Amino acid sequence: MPTATPEQQRVIDWVAQGQGNALVSSVAGSGKSTLITQCANQIPLSQKVIILSFNKKIAQEMKSKLKTRIPNRFPGDQNDWKHTQAATLNSVGVRLIANHYKYRINPPRDINENKEKIDDVIAALTDELFDRRTQRYLEQLDAYKRSALYPLGTPPVKPKRRPCYSAVTGLLRLSRASLYRPTQPPGSDLKPGSDLKEIIAFYGIEINVQLDLDWAVQALQRIETKTVARFNESHQITLDEQIYMPWALDLHDPFPWDWIFVDECQDLSPLRIDLLRRLSIPTTRFLFVGDNDQSIYGWTGADPRCFDRIKSEFSPSTFELTSTFRCSLAVTELAQKYVPKITPFEGNLKGEVLKYPNGGPLPELKAGDAVLSRLKSGLINIAIRLIRGGCKFQGFDNLLDENILDLLQRIYEEQNDALNVPERLSRVAIVIETDIDLNGCSAEKVELYDLSVALKGLSEAFPGIRDFSGLRQQLHQVCKGTSEGPLLSTIHKQKGAEFNNVLIVDFSLLPLVWPGQQDWEFEQELNLVYVAITRAKDKLYLYDLVLSPATSAGVPLATRQRVVNSEQVQEASERLLAACADVNFVSGAARDAVPLFMWESSFVRFVPGHQFQHGVRLYQVVSRDGNIVIAINLNTLHAKVFAMFPRDRMDNVPEEKLISCLDDFLATCPDPTNPPRGVFVSAGVSNPDEIRAEWRSLCKRWHPDINSSPVASEVMMFINQMYAKAKAIE
């Protein structure tokens with residue numbers, strides 16, 4: 001048994017002598033599995049213990065370590081499993097369901113444990129939501145045609161089926177993970193859907209709560225009925241339902257545990273926490289081990305609030321493991337910029353952190369090393385380079401999303417048949433850019449755009465490709481790799497793994513930021529950077545991708561950068577200016593004006609010809625009448641009307657809505673010329689933690705992909721300059 005560190009020993013002593021539950025916050029590479037086996041060794045053989053993990057590979061590794069390090073808990077008889085287990089949460093969920101039918105239904109039923117299928121009801125609900133949005137679109141189109149801005153204004157956007165499918169599946173997944181019951185229990189004071197509204201808002205599910213909340217409640221009720229009926233008829237459950245059905249059927253383990261250990265506890269959703277309760281009795285003790293800074297699976301319901309939930313529900317004693325055994329001194333130093341508390345263990349390798357320019361030679365990597373990327377496109381580009389260089393690598397074909405490829409193929413086939421493959425893929429990227437401009441962005445659209453650009457590079461690398469089917473076949477061939485050389489993978493897939501040396505392909509793009517990003521999504525994107533860095537034991541290579549003018553953090557910024565031909569702008573502006581000569585046109589358009597809040601002094605800037613940003617769109621003023629500004633979108637050439645309001649006439653307007661020039665921003669900052677005290681710390685002596693925390697806070701408020709202020713880009717550039725200066729002073 002390895003020798004425990006002082007931090008680990010405090011936890012071990014608690015298991016042997018303490019009471020209640022415990023939560024151990026442990027940095028990457030701090031020896032969590034070693035700690036768990038040492039704690040299990042303190043538990044008397046008369047007490048049952050189960051160690052729960054989130055995937056089968058980790059559970060099997062844990063079982064092997066337990067048998068090697070504490071063989072006395074595995075005497076070799078057929079009852080081994082009754083007092084010591086290492087299992088996944090899904091497997092214990094399946095066991096609860098199996099026990100329910102074995103002991104309460106005669107004869108016993110078999111359960112098809114891993115039958116994944118897209119239920120017919122999901123497809124039907126997708127069609128329903130699409131029809132609802134289509135009906136509203138037709139009504140909006142009719143209203144637009146009768147408006148003063150027709151035909152110069154921005155027409156309503158025709159809905160698409162894919163976002164409807166994403167909304168339905170996201171609604172189902174996250175409502176279940178959040179323990180939402182489609183049918184309110186008798187006597188409840190809650191209105192149907194009241195808590196569902198909060199779930200939709202927090203996770204940013206694309207459901208209009210004003211128009212579609214009642215429909216969403218009914219949809220979940222239908223899914224619930226269909227799920228239970230399918231289960232009773234064919235005993236089929238999906239992977240998610242292995243966790244969900246014990247809650248839905250109110251099942252409890254007939255053989256509860258004395259101790260329950262949970263590894264990677266930051267990945268617990270409310271539904272998974274409920275499952276833990278169903279394995280226990282009031283005297284059961286819990287040991288949670290995890291790292292909130294490695295919380296990266298919020299889309300499953302395991303958002304950054306997990307640690308707070310554990311503290312609230314289990315009232316645990318808290319411990320910290322802050323020393324990493326894994327990461328070299330150089331790697332740890334970089335990781336400290338994201339998680340300051342992580343420290344290297346005495347005796348760790350010195351290591352190196354090296355930057356590699358885009359297009360330059362790749363570092364020499366071999367078996368035991370890894371190439372990691374936030375987006376799959378980075379892996380595709382590296383795979384092409386390795387193949388051309390005659391290098392072998394372990395592939396990532398299993399990570400390709402066939403649904404995303406299907407969607408790309410549909411967009412591809414809508415383009416001009418006369419174009420060659422690279423040209424059609426360029427058109428695909430423009431279609432996605434325009435969709436983001438008109439309909440907003442999402443993580444899925446980021447991946448879709450990024451993949452279209454990568455496939456264009458693939459088609460240029462293999463000019464023999466004649467159609468999308470050939471492109472798809474070549475893609476799988478490139479991504480397949482071999483069983484030798486470094487591993488190519490996404491960052492998400494390798495959380496919990498470690499490698500000798502790591503190359504992060506898209507480090508300069510991280511953290512990813514996109515329009516409409518939720519706060520918890522931004523937080524988890526920052527966590528992903530930390531996760532990627534801390535996979536390396538020795539050397540870390542940062543591939544410094546050069547951003548194209550049309551992208552920022554992997555997100556297309558079509559309307560800020562891709563301005564249409566100046567002659568087209570002039571022609572559209574003249575048409576709009578001619579319309580503005582009609583006083584009825586201006587007064588009618590003003591009724592649909594979008595408010596712009598600003599300081600009184602900023603009014604003078606908004607004159608014909610002035611360009612300004614609103615959200616991710618770039619506009620040019622064509623005409624102004626008092627506080628009414630009529631502008632043209634420099635990407636779509638559609639007209640939009642804005643109404644300017646001074647700050648002193650408005651109450652409770654967010655500060656960022658009032659800023660319309662950099663001088664306004666500086667006026668609200670204490671001494672911005674003297675960082676790190678100025679922008680980043682309001683008073684007192686600053687420290688690295690405060691500087692980093694304030695920068696993250698400012699990013700979430702001012703990044704131009706999130707903030708609709710007309711000068712968000714300008715302000716963000718200033719913030720980054722001050723942050724760089726602050727770090728230099730530090």
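Predicted model: local features only at pLDDT ≥ 70, side-chain atom pairs only at ≥ 80, totals over all residues.
The protein chain contains 26 helices and 20 strands. It has 730 residues, and 53% of them count as buried. Among contacts between residues at least 6 apart in sequence, 75% join residues at least 24 apart.

In soluble globular proteins, nonpolar side chains tend to be buried together. The largest nonpolar core in this model has 79 residues. Within this core, five residues touch the most other members: Leu455, Leu488, Ile504, Ile533 and Leu540. Helix 17, which spans residues 443–461, supplies the largest share of the core, with 8 residues. At least three residues come from each of domain 1 (6–73 + 84–108 + 242–321) and domain 3 (329–340 + 347–543).

Ile533 shows what the surroundings of one core member look like. Setting aside residues up to four places away in sequence, Ile533 touches Val331, Leu334, Ala335, Tyr338, Ile504, Phe507 and Leu540. Two of these partners, Ile504 and Leu540, are also listed with Ile533 among the residues that touch the most other core members. A second core is separate and has 32 residues. Its members include Leu23, Leu268, Leu279 and Phe286.

The largest cavity has a volume of about 60 Å³. Its lining consists of Leu172, Ser175, Arg176, Tyr180, Pro182, Leu220, Ile223, Glu224, Tyr244 and Trp247. By class, the lining has 7 nonpolar, 1 polar and 2 charged residues.

The second largest cavity holds about 50 Å³ of space. Asp293, Tyr338, Val339, Glu523, Leu526, Asn527, Tyr530 and Arg696 line this cavity. Helix 19 (residues 519–533) gives the most to the lining, with 4 residues. By class, the lining has 4 nonpolar, 1 polar and 3 charged residues. Tyr338 belongs to this lining, and Tyr338 is also touched by Ile533.

Helix 10 holds another residue of interest, Gln242. Gln242 counts as buried because its relative accessible area is 3%, under the 20% limit. Gln242 and Gly93 are 149 residues apart in sequence, but their C-alpha atoms are 5.3 Å apart in space.

The peptide bond from Tyr150 to Pro151 is cis, with omega near 5 degrees. Pro151 sits in the loop between helix 6 (120–145) and helix 7. Asp250 is not a glycine, yet it has a positive phi of about 55 degrees. Asp250 lies in the loop that runs between helix 10 and strand 4 (259–263). Its relative accessible area is 49%, so Asp250 is partly exposed; exposed would need over 50%.

Ser315 also has a positive phi, about 45 degrees, although Ser315 is not a glycine. The loop between helix 12 (306–314) and strand 6 (317–321) contains Ser315. With a relative accessible area of 58%, Ser315 is exposed.

Ser328 is found in the loop between strand 7 (323–324) and helix 13 (329–335). This serine is buried, with a relative accessible area of 0%. Beyond its neighbours within four places in sequence, Ser328 is in contact with Leu349, Lys350, Gly351, Glu352, Ala536, Lys537 and Asp538.

Thr3 lies in the segment before helix 1 (6–17). Its relative accessible area is 75%, so Thr3 counts as exposed. Apart from its neighbours within four places in sequence, Thr3 is in contact with Gln8 and Gln38. Thr3 and Gln38 are 35 residues apart in sequence, and 9.3 Å separates their C-alpha atoms.

Conventions:
Residues numbered from 1 in each chain as written. Heavy atoms only, no water. Core = buried A, V, L, I, M, F, W, Y, C linked by side-chain atoms within 4.5 Å. Buried < 20%, exposed > 50% of the residue type's maximum accessible area, 1.4 Å probe, protein only. Helix = DSSP H or I, 4+ residues; strand = E, 2+ residues; numbered from the N terminus. Domains from an automatic or database assignment. Contact = heavy atoms within 4.5 Å. 1 Å grid on protein atoms, 1.4 Å probe; cavity = no way out; pocket = protein on both sides within 12 Å on 5 of 7 lines; lining within 4 Å. Points joined across faces, edges and corners; volume = space filled by probe spheres on them. Nonpolar A, V, L, I, M, F, W, Y, C, P; charged D, E, K, R; others polar.
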